[in-house]
Amino acid sequence: MCGIAGYVGGAEAAPILVRSLKRLEYRGYDSAGVATIHNKQVFVCKDAGKIDEINKSLGLERLPGCVGIAHTRWATHGAPSKVNAHPHLDCTGRIAVVHNGVIENFLLLRKELIDQNHNIVSKTDTEVVPHLIEEHIKRGLSFEEAFVQALKRLEGSYALAVIFLDQPDTIYVARKEAPLIIGVGEGFNMVASDMTALLDMTRDMVFLHDGDAAVVKADGYRIFRLSDGTQVERMVRRVELTIEMAEKQGHPHYMLKEIFEQPTALRDSLRIQREYVDLLAELLDKGRVIFLLGAGTSHNACVAGSYLFSALARLPSYPVIASEFVANYGGAVGSDTVILAVSQSGETADVLNALEYARMRACTILGLTNTVGSTLTRVSRAYVLQNSGPEIGVAATKTFTSQVLVLAQIALRLARLRGKIAQYEMDEFRQELLKIPNEVEKVLTTASVKMRALAEILVEKPFIFMLGRGVSTSTAYEGRLKVMELSYIPCVAYPSGESKHGPISVIESGVPVIFVVPPDEFRKPNIGNIMEMKARGAYVIVFGDEKDDELRSIADFYYGLPRTHPLLTPITYSIPFQLLAYHLSVLKGYDPDKPRNLAKSVTVP
Ligand code: G6P
């Protein structure tokens, strides 16, 4: 999983590309490189490390030329190293390639190419591509034909950008199961894995479809289908995002900016298109079996969604981890199955693989995503966009709370359709939904200071427990993920009731346990669980209602939150967890925007 960019036009390409790479860094950041063409020569500069470091030491942005391609990498095949960094070249050094995705049959292709005396120097899957193109050129094909024929040999996924010394005014691109956008400019054109990499230069964008290839020049581009060469038109869309939206806005880290942006993001998530929410609800209601499918944070949103669907609409649904879907339920799905896939990026390979399987079995696929033009939007029968804006921090924050808010809106629509709860309950819930952005604003006035204090208490702890009941189970799961992925402190989360069936055995004096206890019907049994933990010497931290003095009195550390509808508490109560995770990461000297070993968008299975 990586990010790619390309520029062709009248200006020097390298500085523009380095700026694009910086915006793509969230897609992977273990190595980076740029290739340009100038004065009948291909220039390549690449290395392992972060983009700024490489730029400082090797001068990425000083490469000459008005055409170029660039790459930021998250290693899949071959360790992060200079030789494995992109761009990759053919034997003659005339063809340069950057790639996001995985070439599944690369070992076979590599062997074939080595037998044909190609000099393959890296351990990557990508390097077969320039050599395959070279091989086809040797056989007398034009560059474009060679590019197409080479791509036809590839199995797997790719967004590719290729430059060729003999055509210094052109970038060749193609996509299959990996995102790729053309940025349309005046006197230049660009390509990139996502919108943020283009926004500095243009707002006019063309979202390529799977199986599209394009020949991109400074004054235009031509898109065609890789399968048969048919020329196709794709709409140019004007993207109304501001660059400031993708910058830190005065916060030390993107993550903090995004946490504080939540009231706005949630207001936008209340403005989603009604007709799509209605359509999703209608299709969900038709299913005999319903799965809510996602990975990472999006899976935790699915857990919350499942409680919401059941409580408001009496509609049972299974939240399922995307990578487990086929093994666990594959044999049991069919045309009466409805799958609502939740994915911020809309590009997560585990999600798309599960959907591909389900599609073959005639399941109805629905999507909830933050990414316009993503693969999820194309494989879904109907989808809804959560409207959270770009999220740069690798750890999901605003996109989680927005996902839950959209799922709550779908649940409410389902409730109206199915009529299983009273009208006044629906109306009350709707009122509470509309108030959520303001409640989150209130939480944000106190949470950061309180969580900084808690982080100081927890920073040296070897592990942390998180417990909740009912819908708060999803809050505990999401809290665990946030704190663990940012502080690297191992965390365990369970439904509180389950804690006595095993986890409690590790409790001894001083072990921190965070209870999520909103004022709902589970408050009493939760108090029972708190007492069990206290009796064994645990350090009990409670996130509860700001007016709940009884709870406050039994906790070692208490954080009080404003009252909302209990089913919406995964939104408000996940915020202290986000800030706790952030402060732990900063206290430990880590970079909260780039937790180690992780990437924002995991496009490999
Ligand atoms: C990666 C990210 C997580 C994210 C997950 C699912 O693991 O690091 O933050 O929750 O992918 O991503 P999606 O785009 O499908 O929501």
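Domain bounds here come from an automatic or database domain assignment. This is a predicted model: local features need pLDDT of at least 70, side-chain atom pairs count only at pLDDT 80 or more, and totals for chains, interfaces and linings use all residues. Residues are numbered from 1 along each chain as its sequence is written, and side-chain values use heavy atoms, without hydrogens and water.

**View 1. The largest pocket lies between two domains.** Domain 1 (3-247) and domain 2 (251-421) both give residues to its lining, so the pocket lies between them. A pocket is an open set of points on a 1 Å grid over the protein atoms alone, where a 1.4 Å probe fits, with protein on both sides within 12 Å along at least five of seven lines; lining residues have an atom within 4 Å of a point. Its volume, the space filled by probe spheres set on the points (joined across faces, edges and corners), is about 1100 Å³.

**View 2. The centre of the largest pocket.** Of 46 lining residues, the closest to the centre are Met195, Asn370, Thr371, Val372 and Leu385. Strand S20 (382-385) is one of the elements giving two or more residues. S20 gives the largest share, three residues. Helices (H or I, at least four residues) and strands (E, at least two) are DSSP runs, numbered from the N terminus.

**View 3. The second largest pocket.** The volume is about 570 Å³. Of 29 lining residues, the closest to the centre are Ala295, Gly296, Thr297, Lys600 and Val602. Helix H9 (296-313) and helix H15 (472-487) are among the helices that each supply at least two lining residues. H9 gives the most, three residues.
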